[in-house]
Amino acid sequence: MQKLEAEVVASIRIGPDICLLRLKAPAIAATARPGQFVHLRCGEGLDPLLRRPLSIHDSGDGELTLFYQVKGRGTAWLSRQHPGSKVDLLGPLGRGFTLVSGRRLALVAGGLGMAPLFFLARQARELGNEVDFFYGARNSRGLHRLEALEDLGIRLFIATDDGSAGFRGPVTALWEKQLKDNHYDRAYACGPRPALAAFARLAAAAAVPAEVSLEERMACGFGACRGCVTALRDSRGEKYYENVCTGGPVFDVAAVCWEG
Amino acid sequence: MEQAEKRPGVNPKEEDEKLGARGKGLAGTGCAGSGLKSRSTPQEPETGAGVNLEVQLGDLTLPNPVMPASGTFGFGEEYAPFLDLNRLGALVVKTITLEPTPGNPPPRLMETPSGLLNSIGLQNPGLEVFLREKLPYLRRFTPPLIVNIAGRTVEEYGELAARLSAAEGIAALEVNISCPNVREGGIVFGTVPEMAARVTATVKGQTHLPVIVKLTPNVTDITVLARAVEDAGADALSLINTLQGMAIDLETRRPALANIVGGLSGPAIKPVALCAVWRVARAVKIPVIGMGGIVTARDALEFLLAGARAVAVGTAGLVNPRAIIEVIDGIKAYLQEQGLQDVNELVGALRI
Ligand SMILES: Cc1cc2nc3c(=O)[nH]c(=O)nc-3n(C[C@H](O)[C@H](O)[C@H](O)COP(=O)(O)OP(=O)(O)OC[C@H]3O[C@@H](n4cnc5c(N)ncnc54)[C@H](O)[C@@H]3O)c2cc1C
Ligand SMILES: Cc1cc2nc3c(=O)[nH]c(=O)nc-3n(C[C@H](O)[C@H](O)[C@H](O)COP(=O)(O)O)c2cc1C
Ligand code: FES
């Protein structure tokens with residue numbers, strides 16, 4: 001875990017409000033694992049005050065790539081940074097996905113959930129896994145990096161709410177269809193919480209070990225404030241709160257308290 | 001040396017061996033390891049360059065006046081990757097309760113203009129786990145260790161004080177009677193002068209350690225509370241805890257925090273905190289630790305001028321884990337710039 005000033009290598013808008021940011025950060029890139037995140041200062045002053053967490057979208061050759069949506073002031077500031085400017089970041093933070101090799105995997109992304117799953121897909125392929133990537137969005141304009149995903153040698157399954165591309169309906173329904181005739185050794189998902197809850201139910205019903213990446217509002221990002229908790233269940237079924245920033249953001253679906 | 005006296009029962013040799021082992025483990029991270037030898041050979045002496053940073057809180061000696069604020073520092077280990085814990089004026093841990101406390105449901109945080117609203121609800125693993133799993137780690141460092149406590153009843157405060165006093169390696173107790181985020185205890189004890197005095201007297205009766213009482217700003221006149229706990233025997237005061245606050249999400253029309261209200265901290269509260277410190281420092285004889293919105297050395301210096309003998313950095317450390325080190329270095333630089341030899345010359349030196 002490091003705190004450093006990373007230089008912006010490239011900042012590319014790939015949709016009306018979607019950006020790819022490439023940062024030169026060799027110390028973080030060298031140890032980053034899929035599912036981990038970085039915590040960035042978005043501005044120079046005291047407002048906005050807190051850092052912003054963003055998943056590591058890809059990592060290699062001394063660089064980190066982030067994939068993010070411009071949502072509010074922090075990400076808007078980030079989108080205005082140009083090559084050569086410096087961004088203050090902490091990372092790599094959190095626990096990533098469990099990596100396996102030589103298996104059959106399902107990756108299920110809802111909207112921005114694609115951000116951490118891209119890195120996972122690439123490493124999973126390098127480890128000799130067969131990867132089916134299920135990618136859902138509201139409409140075709142919400143689907144990004146399709147070519148880059150296909151270049152990884154994965155099988156891509158697309159779903160949109162309005163049917164403007166691929167299967168019409170939720171991405172979890174598309175995965176459910178595949179689950180009928182296909183066996184998966186493991187499954188991974190990131191996306192809106194209701195989609196993750198549906199994913200968890202399907203994984204449990206098909207007895208597929210599965211992990212999700214969760215989001216919570218964060219202050220420190222390194223476990224000091226206890227602000228980012230989510231409810232989990234321990235082995236005896238007792239509910240407790242765990243930090244998303246250090247205990248996660250990746251959790252086993254069986255441990256997550258989906259009802260809140 | 002001061003510290004050896006402050007840690008009865010700790011065998012320095014044995015401890016140094018532990019430090020050595022730990023130093024190796026950290027060698028690759030390029031950080032915290034550097035100060036591990038500071039017991040015998042200080043590498044970055046705070047008293048160097050002709051400037052004295054040592055301050056006295058009653059019987060408690062701090063190598064410099066800057067400490068972390070309880071609840072924003074975890075149990076120290078969270079900050080170890082970013083800084084050398086041996087450089088701090090004191091180590092201050094998250095509030096400990098007798099039983100494990102689960103805390104409030106999420107969302108617990110909301111950013112506000114230059115501020116942070118939180119409703120953690122004193123989540124902590126409880127006294128037993130603290131003594132068994134957190135204290136041995138904290139004992140390895142040289143700065144005095146201050147343990148913050150909260151009870152649901154006056155008796156619980158007393159029991160916590162007694163049991164912590166029996167443990168090795170604790171330099172002082174900070175009594176939290178000011179948490180706005182718990183229903184039982186906390187704020188009730190902090191807003192009624194008679195209750196604040198009873199908690200203070202009970203804790204004093206159960207410990208030989210210096211007792212610091214942490215006050216809330218959510219009262220009509222904080223000096224009344226300050227005098228009440230001074231009269232009850234407090235050795236020092238910490239102020240301020242967070243201000244009660246609220247935020248609403250316009251999309252959902254729901255409160256931004258699951259607990260509806262929370263405690264506001266960060267730069268947004270600095271003027272309120274500074275004013276409280278100034279008023280209380282003039283109203284009592286015991287030393288005051290000032291906190292609330294300190295981000296830079298300049299903020300800290302304002303608190304010292306207003307009468308604080310030491311300061312704490314809270315929210316700023318969550319944003320910049322090295323903030324506390326920058327504050328210490330900045331105070332030293334200011335003293336040198338001003339041609340001052342001793343930080344104590346600044347305490348209460350406000351010109352009016
Ligand atoms: C572990 C983790 C990884 C993430 N990875 C990505 C990613 O790869 N790409 C991406 O586009 N987004 C990601 N997010 C969400 C992203 O952090 C928020 O969209 C971003 O913080 C919004 O900041 P803002 O200033 O633009 O918006 P504002 O709405 O102005 O933010 C106000 C406050 O709310 C917090 N906040 C707002 N939305 C979220 C959220 N969904 N989760 C946590 N905090 C939030 C902000 O950090 C800030 O403190 C991730 C969140 C987490 C917790
Ligand atoms: C996330 C968070 C958790 C806190 N938890 C505690 C706590 O457990 N005990 C306590 O006495 N104060 C707690 N506080 C209050 C701080 O110690 C401090 O009094 C307050 O935040 C003001 O200082 P700051 O503006 O520098 O943060 C907490 C503050 C924050 C932001
Ligand atoms: S964000 Fe501070 S503990 Fe997770």
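Predicted model: local features only at pLDDT ≥ 70, side-chain atom pairs only at ≥ 80, totals over all residues.
Residues are numbered from 1 along each chain as its sequence is written, chains are lettered from A and ligands numbered from 1 in the order in which they are written, and side-chain values use heavy atoms, without hydrogens and water.

Stay on Asn176(B), which lies in strand S8 (residues 172-176) of chain B; strands (E, at least two residues) and helices (H or I, at least four) are DSSP runs, numbered from the N terminus. Asn176(B) is buried, with a relative accessible area of 4% (buried means under 20%, exposed over 50%, partly exposed in between; 1.4 Å probe, protein chains only). Not counting residues up to four places away in sequence, Asn176(B) touches several residues, among them Leu122(B), Tyr157(B) and Lys214(B); contact means heavy atoms within 4.5 Å.

Next, select Ser238(B), in strand S10 (residues 236-239) of chain B. Is Ser238(B) buried or exposed? Its relative accessible area is 0%, so Ser238(B) is buried. Show the side chain of Glu174(B) too: the side chain of Ser238(B) makes a polar contact with it, at 2.5 Å. Beyond four places in sequence, the contacts of Ser238(B) also include Ile212(B), Ile289(B) and Met291(B).

Move to Gly314(B), in the loop between strand S16 (310-313) and helix H10 (315-319) of chain B. Gly314(B) is buried, at 12% relative accessible area. Leaving aside neighbours within four places in sequence, Gly314(B) is in contact with Ala69(B) and Thr72(B).

Now show both chains. How many residues of chain B are in contact with chain A? There are 36, and they meet 28 residues of chain A. Two salt bridges are counted between the chains (a side-chain nitrogen of Lys or Arg within 4 Å of a carboxyl oxygen of Asp or Glu). Select Arg226(A) and Glu78(B) to see a salt bridge between their side chains, 3.4 Å from N to O. On the side of chain B that touches chain A, strand S5 (109-112), strand S6 (115-118) and H10 each supply at least two residues.

Methods: Polar contact = N/O pair within 3.5 Å; in protein donor to acceptor, adjacent residues only side chain to side chain.
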